[in-house]
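The structure is shown first.

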Amino acid sequence: MGVNRPAAPAAVLAVDAGNSKTDVALIAADGAVLGAGRSGGFQPPRDGVEAAVDVLGRAVAEAAEAAGLPPLRAGSPYAGQVAACLSNADFPVEERRLADAIGARGWGAATLVRNDTFAILRAGLPGAAAPRGVAVVCGAGINCVGMLPDGRTARFPAVGTISGDWGGGGGLAEEALWWAARAEDGRGGPTELAAALPARFGLGSMGELIEALHLGSLGRRRLHELVPVLFAVAAAGDPVASAIVERQADEVVALASVALGRLGLLAEEVPVLLGGSVLTAGHPQLNGRIVAGLAQRAPRARVSVVSAPPVLGAGLLGLDALGSPPGAHGKLRAHFG
């Protein structure tokens with residue numbers, strides 16, 4: 001039986017908000033997508049909670065317009081359930097604060113906030129059954145969550161070096177720069193990264209690249225462009241680049257294995273889902289080592305890559321919260337391919 005919500009044009013307002021972009025979908029009770037919207041990155045630590053929620057609001061307004069809904073009025077929400085999967089919602093207290101801030105906007109009759117890694121987990125699990133499995137996301141950063149049907153979860157703070165994290169696109173780029181800088185000035189051994197990284201920006205040396213980054217003529221936001229270069233150099237056989245890629249794979253295996261262990265799933269047949277731009281790019285050296293590593297530590301785990309957009313996972317979580325029938329889940333999944 002579904003959960004009663006005040007009448008609204010849509011059943012679910014699904015939000016997936018990462019550091020670089022926000023996607024929103026308004027979803028009908030039968031799983032049909034009524035309208036979608038997109039806006040910028042969601043970064044409350046940098047912008048403050050209210051300003052960050054304003055960014056969500058721009059995508060929500062675009063989705064409402066696409067769905068042909070009238071302007072929002074007090075007491076007339078767009079949806080019965082808001083399901084928001086958000087970056088920078090790393091601790092339960094942050095999830096509660098963000099749920100309060102989003103709830104105050106009146107977009108939905110009820111509001112559920114989760115870390116954005118839960119969107120990958122839910123998007124990668126079939127059917128309408130309660131989630132059971134583990135997801136690792138490696139995009140700009142790295143994170144992992146696991147969930148059982150009874151609601152128990154395994155998760156990590158995932159706030160950077162202070163919480164023991166290593167890797168993700170930002171971390172990989174900085175690691176590659178570190179080794180390349182030392183190769184050029186003699187403090188480290190040789191690596192093709194010393195030529196390949198500056199060449200990506202039309203520069204002739206690591207010295208020029210370091211100066212450009214330090215003085216700001218090259219914005220640090222462009223460091224993500226170095227990640228494909230790192231993987232290309234590794235694939236060509238460079239030992240230093242290969243070691244970085246292998247360490248990233250081992251970090252993914254460690255996260256997934258610990259989450260599985262916390263949930264008592266190491267010896268069970270269970271999905272381990274890989275998401276985020278680094279893992280969905282399909283680098284054989286990276287993904288192959290992840291599969292091999294998990295085969296040793298969780299031999300019955302089924303590893304797969306989730307290519308569906310995370311907003312699908314947010315929508316499915318919203319339908320879960322409403323107790324929607326399986327057909328609605330299937331229709332929503334079909335919409336996103």
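The model is predicted. A nonpolar patch on its surface, about 360 Å² in area, is formed by Phe91, Val93, Val159 and Ile162. Of these residues, Phe91 sits in the loop between S4 and H3. Phe91 has a relative accessibility of 36% and therefore counts as partly exposed, since that class lies between the 20% limit for buried and the 50% limit for exposed residues.

**Helix H3**

Helix H3 covers residues 92-103. Its 12 residues, at 1.5 Å a residue, should span 16 Å, and the end C-alpha atoms are 16 Å apart, so the two values agree. Glu95, Leu98, Ala99, Ala101 and Ile102 are the buried residues of H3. They lie on the same side of H3, because the arc they cover around the axis is only 165 degrees. In an α-helix there are 3.6 residues a turn, so residues three or four places apart point the same way. Arg96, Arg97 and Asp100, on the other side of H3, are exposed.

The cover over the buried residues of H3 includes three strands, S4 (79-86), S5 (108-115) and S8 (153-155), as well as helices H1 (44-47) and H2 (49-66).

Key: Residues numbered from 1 in each chain as written. Predicted model: local features only at pLDDT ≥ 70, side-chain atom pairs only at ≥ 80, totals over all residues. Heavy atoms only, no water. Helix = DSSP H or I, 4+ residues; strand = E, 2+ residues; numbered from the N terminus. Expected span 1.5 Å × (residues − 1). Buried < 20%, exposed > 50% of the residue type's maximum accessible area, 1.4 Å probe, protein only. Arc of directions from axis to C-beta. Contact = heavy atoms within 4.5 Å. Patch = residues over 30% accessible without salt bridge, like charges linked within 9 Å, V, L, I, M, F, W, Y side chains within 5 Å. Areas by Shrake-Rupley, 256 points an atom, 1.4 Å probe, with all protein chains shown as cover. Salt bridge = Lys/Arg side-chain N within 4 Å of Asp/Glu carboxyl O.
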